[in-house]
Amino acid sequence: MVTLKINGKSVTVPEDYTILQAAKEVNVEIPTLCYLKNINCIASCRVCVVELKGRPGLVASCVYPVAEGMEVLTNSPAVRASRKMTIEMLLSNHNKKCLSCSRSTNCELQRLANDYNVDENRFGSEAPRYDIDDVSPYLVRDNNKCILCRRCVAACSKVQGIGAIGAIARGYKTHIDGAFEKSADETTCVGCGQCIVACPVGALREKTNVDYVWEALGNPDKHVIAFTAPSIKATLGECFDMPIGTNVEGEMVAAIRQLGFDKVFNMDVTADLTICEEANEFIGRVRNGGTLPMMTSCCPGWVKFVEHQYPEFIPNLSTCKSPQAMFGAVLKSYYAEKNNIDPKDIFVVSVIPCTAKKFEVTREQVNKTGDFQDVDVSLTTRELGNMIKNAGIKFAELDKEEFDNPFEIASGAGIIFGATGGVMEAALRTAAKKLDPNFEGVEFKEVRGTEGVKEAEYTINGTTVKVAVASGLANARKVLESVKSGEKEYHFIEVMACPGGCINGGGQPCQSDSVKNYVDLKTIRAKALYDADAATDLKRSHESPVMDMLYKEYFGEPGGEKSHHLLHTSYVERHKY
Amino acid sequence: MLTIQELENIKKSKEKLVAVRHHRSGNVPNESGYKYQVLVCGGTGCTSSGCKNVVAALKEQIAKHKLENDVKIVTTGCFGLCALGPIMIVYPEGTFYSAVKAETIPEIVEEHLINGNPVRHLLYQQTVCDDGSIKSLDETDFYKKQLRVALRNCGVIDPEDIEEYIATGGYSALAKVLTEMTPDDVVQTLLDSGLRGRGGGGFPTGRKWAFAKASVSDQKYVCCNADEGDPGAFMDRSILEGDPHSVLEAMAIAGYTIGANQGYIYVRAEYPVAVKRLLIAIEQAEKLGVLGDNIFGTDFSFRIELRLGAGAFVCGEETALMTSIEGHRGEPRPRPPFPAVKGLFGKPTILNNVETYANIPQIINKGADWFASMGTETSKGTKVFALGGKITNVGLVEIPMGTTLREIVEEIGGGVPNGKKFKAAQTGGPSGGCIPAEHIDVPIDYENLIALGSMMGSGGLIVMDEDNCMVDIAKFFLEFTVDESCGKCTPCRIGTKRLYELIDKITSGKGEMEDLDKIKELCAYMKSTSLCALGQTASNPVVSTMRYFMDEYIAHVQDKVCPAGVCKELTSYEIIPEKCRGCTLCARNCPVNAISGKVKEPHVIDKEKCIKCGMCMNNCKFGAIVKK
Amino acid sequence: MYKEPAVPFKGTKEQEQELLTFIDANKDEDGVLMPALQKAQEIYGYLPIEVQTMIAKALDIPLSEVYGVATFYSQFSLNPKGEHRISVCLGTACYVKGADKILEGIEARLGIKCGECTSDGKFSLDSTRCVGACGLAPVMLVDDDVYGRLTVDMLDGILDKYRN
């Protein structure tokens, strides 16, 4: 432990602390921009500079280690002048179209500019230097707003282990982009959107499809359906400044209905459907000597990662479509038939915490129901929040409402799909029961939690199942390498591309560094899902009455012919470099 | 494996060959076995001037006259007097031929090497006295005040022959360290010597080594910064080209001291001659056994690898250099952790520059006291400067610390040519500042330069005369740093650019007084807040020119005048009709056809078209064109 | 921003083999990317996407990393150079002796800007930072030939030497 003084206040902290951490201990806020705890510690933005008594110049508190007897000033005239100038510098080549920016009021640079009373034009305002790249179906890059904090680069290379983007050129010409300035979908980008939630400003955002949705809603000939992914209920409230981790399912359904959707369905239902198919596929692979370990396929970022980086593992991917894709297929087949609606008149909107889903809806391998897209538009949590604001709905004050029939009720297994380990646990609940009808356990706590890699081993009715769960693709890479080298042997692997799973997806509300660096978003958001699971009696997917209905009325049995056609898919090998 | 005795034997066998070359006065008995030794400078400067043709012609003539056993031709590194190249010295007399042409070689060979009469009209004229006698090179103005420590072997030995290096005592320091000294002894010797880093900041070398020695690790590294990036400086290049083994030997000593067995030299790819000589030197050293496993039979092993820079000034910064060796974009890392704790590949590392290393074998051999006896109170030893710009003797000089700028400029450098007035000297390159005429008598050492707002830097010393505009000079250096900023941190990436724009505004005649305040504010900001030394010092050329030449800034801003007549937007060319003879030479040389007029009638310049290139004025034989 | 070279990539199998052999031999060394790029530029003269992809593959690193390094260092070129490469030294010593006038003079004579290549592929023009021949300032290089103590009226003669 070392003792130092911060603004005259004495504090004793562990010796591996940075000044920033120590300051937090005495409730001194130091602003940051480039710093993301454990992810991006490069001291490049210089906003967090502080003065050390007896040392000329200023130091970056985000990385500068504490020392015994150190005297830190976080708010001296020199510090304030420097910070203000840093903000002025950033603004001098920032495209200050704040009024129309997707991050307005939620922008870390804007907040700092306000806090420090900055004259935004004192050092000029230059014309945009870069073309806006909106070529891919999911990502828009506006480098004229980029402040080169490199948080996106760290997210892509360190968290996800992909490195689809990087810093290019040097000096004033430095910019962030894919190799040879290629658009995201021409690179090895998997579309996870972690770069977007890492971005402190509006340089990165999802490619929005909100206008199509408004158009469909205004078209009386269209039957417009929305369904929401399991984690939306745990995060949408953040768009309306509600506490992180508030379950807003009732308000969410009410708001979507107010927007004018004909139906509001619960995607947790097709999460259950995925489990029915996937558990069946898994048992089949185990019993029939199929390719193992089987790997989940509900995360489109992960799937594309395998296609680019590990095509040799394509046979290991479950052939099950993701819950989103299954829902699209169900709505445009079963639901259309049952309600006598031409599937071409059905407009399906999914609300997913994910940007990769915007790519998934365009995959030809998932659109086999007819010559249309099964899911017409995939919206992120942020886009839905934006639509609700746009419609003038006072979200927090809404009365709770329930999902529409027949896709209303889901099992707890479907609910926890939104957190890392959730799919595995859901699958285990069903598979265990199928392997041993007397098996009563429904909690598989070993696969819960936000750790990057989790392993467990279960013996059910004489069958031993070794499982691994990874979230964050850099962690997935570790697991795959250990399988590849023969170091590890598993039967079943769950991967979610985003760290912590969908609750921390690239389509979720952007939280600023001042929150992310100190609050465990993943755990708090996931808790809302596990609480909802705990509150329901229906624990296993295959025991859901909706599943009963779907198989009886339409699909027959898991893995049957109709399932195979509508609920399963295939994959393609993609370039790695 | 080479033993110390064998090293001694090599030394003895070659000592006499080389001894004669160390004494330019020719008063040492010639026991080299040759009647004459002809040393031709093979440095980059002389190579550019055509020394290869000279060597070829020499060989041809020697063969023709069958003088192979009497005359030895040696291609050396830089002598320092680059402006006089190609340069050739004939020993034992030490007669100095300058601007040698291949055509004159037959005359030199016949007259001098065969008949024993130096060809006076081809000698460097400063060495020919009025009475016809020939002076030693050491007595010329250029060399008189110099003291060669780091450059001791440059221009003396054949850098591609390890035995010639050994003949001058080479590798005996390493032998001494390995067999007689503990690592602590080495550190203490360096501390006592007072040696400070010659690459920029002047950090005490002994302390640096002590830190790295104290770090505990399974692997440590010794790095050499040979990425000499200061535009206008070539000290390190000359040492690498002229005496590469001195660097290798010092690195091995460093390896022994801190406990490293691997060294890296990061050298500019733009220095092909240096790269070639380093490769040869490493190969010869490994072959002989002074690098490699179990050197001199001890359990110390040391290897050196070369890594080529690829054109990034920032890689002169220590953490950026290491990041670059690691194969990444050469972006600096925040310190701490310092390289001595966590450097190359995350391991404890020391990094010194070429000139620093070149001093070390001699400090070991001659002792700390010897080194500490040279220089000033805080700055010991000598410093090499690359003297350039508006100065007669452009070249490389090594002077004891404490020599005054006046001695360098007026005596060694031969003053400012063309009768112009000395205005300022810029040291430290883009990180440094200028020293104006009023401070020309300041003794040069680390502290004095910093007090004047400049810095030692790596040793570029550019002389400026009254024709240089100081605002323009500041702009020149800023343009350089804008280009060379790595782009990582905000103050350097954007600050240099905004600063450049403000200065550009001033040199374009659009400056306002409040811009000067903004400039000062930006300079202070970049200095306090930038991540690395490049950004922290990038504003120095501006700060220092503002400190001494504020009147020039104000003239640009308020009077819209460039007093030196450099800034194009603030100058115009006019033809004085009374002086113009209508020869049409100006019109014919104007690249944009801005000059018109009939033959034998006064011409006029169309100011709209004129791009102010000055071609007309340069070509006018009648002084009829003036710049206003 | 990357501009695709006007000339299509004409690499041969032999060139690729040479590069891959080099990388293979040095693969286990730390920090081999820079030497690999230097070798590739030596072989091909420039570093188009085809070559950088080869390097990414051989070293199994993301292409963005290769590109990031290739665009950081001024020595690396993404575009083919002219048959004769002219570089004008803009180091301090040359600058104070009027190197900018030399550069302008060449730009005017070749009709290209610094960093460009003439349309016939004959000359490319770059500036460089100090070739270390300060004694001869101002200096320029044409390929490996150094021309010192330059004045603008020497330029035509020098360029003519390389025109045929």
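**Entry 1: the core**

I began with the largest nonpolar core, which has 430 residues, and found that B:Cys223 and B:Ile253 touch the most other members. A nonpolar core here is a set of buried Ala, Val, Leu, Ile, Met, Phe, Trp, Tyr and Cys residues joined through C-beta atoms within 7 Å. I took a residue as buried if 20 or more other C-beta atoms lie within 10 Å of its own, exposed if 12 or fewer, and partly exposed in between, with C-beta atoms placed from the backbone.

The model is predicted: local features need pLDDT of at least 70, side-chain atom pairs count only at pLDDT 80 or more, and totals for chains, interfaces and linings use all residues. Residues are numbered from 1 along each chain as its sequence is written, while chains are lettered from A and ligands numbered from 1 in the order in which they are written.

I then listed the contacts of B:Cys223, leaving out residues up to four places away in sequence: B:Gly263, B:Tyr264, B:Tyr266, B:Leu321, B:Met322, B:Leu344, B:Thr349, B:Ile350 and B:Leu351. Contact means that the C-beta atoms of two residues, placed from the backbone, lie within 7 Å.

**Entry 2: the parallel sheet of chain B**

I looked up the open sheet of four strands in chain B, and its order is 7-6-5-8 with parallel pairing. Strand 7 (303–308) and strand 8 (349–353) of chain B are the edge strands, each pairing on one side only. On average, neighbouring strands of this sheet are turned by 20° against each other, direction ignored. Strands (E, at least two residues) and helices (H or I, at least four) are DSSP runs numbered from the N terminus, and two strands pair if DSSP finds at least two bridges between them.

I checked strand 6 (residues 262–267) of chain B against strand 7 of chain B: they pair in the parallel sense over six bridges. B:Tyr264 has B:Glu305 in strand 7 of chain B as its bridge partner. B:Tyr264 is also among the residues that B:Cys223 touches. Helix 12 (residues 272–288) of chain B lies across strand 6 and strand 7 of chain B, at about 165° to strand 7 of chain B. For such angles, axes are lines fitted to C-alpha atoms, for helices over the stretch in contact, and angles run from 0 to 180 degrees between N-to-C directions.

**Entry 3: strand 9 of chain B**

I found strand 9 (residues 382–389) of chain B mostly covered, with eight of its eight residues buried. Strand 9 of chain B pairs with strand 10 (residues 395–400) of chain B in the antiparallel sense over six bridges, and a hairpin of five residues joins strand 9 of chain B to strand 10 of chain B. With strand 13 (residues 460–465) of chain B, strand 9 of chain B pairs in the parallel sense over four bridges. I noted B:Leu387 in both pairings: its bridge partner is B:Gly395 in strand 10 of chain B and B:Leu461 in strand 13 of chain B.

**Entry 4: chain B with its neighbours**

I counted 41 residues of chain B in contact with 35 residues of chain C. Helix 2 (44–49), helix 13 (318–325), strand 9 and strand 13 of chain B each give two or more residues to that side of chain B. Helix 2 of chain B gives the most, with four residues. By class, the side of chain B that touches chain C has 19 nonpolar, 17 polar and five charged residues. Nonpolar covers Ala, Val, Leu, Ile, Met, Phe, Trp, Tyr, Cys and Pro, charged covers Asp, Glu, Lys and Arg, and the others, Gly among them, are polar.

Towards chain A, 23 residues of chain B are in contact with 24 residues of chain A. Helix 18 (470–484), helix 19 (490–493), helix 20 (495–507) and helix 21 (513–529) of chain B give two or more residues to that side of chain B. It has nine nonpolar, seven polar and seven charged residues.

**Entry 5: chain C**

I noted seven helices and four strands in chain C, running α-α-α-α-β-α-α-β-β-β-α from the N terminus on. Of its 164 residues, 43% count as buried. The domain assignment, automatic or from a database, gives domain 1 (13–72) and domain 2 (84–163) of chain C. Their centres, taken over C-alpha atoms, are 30 Å apart.
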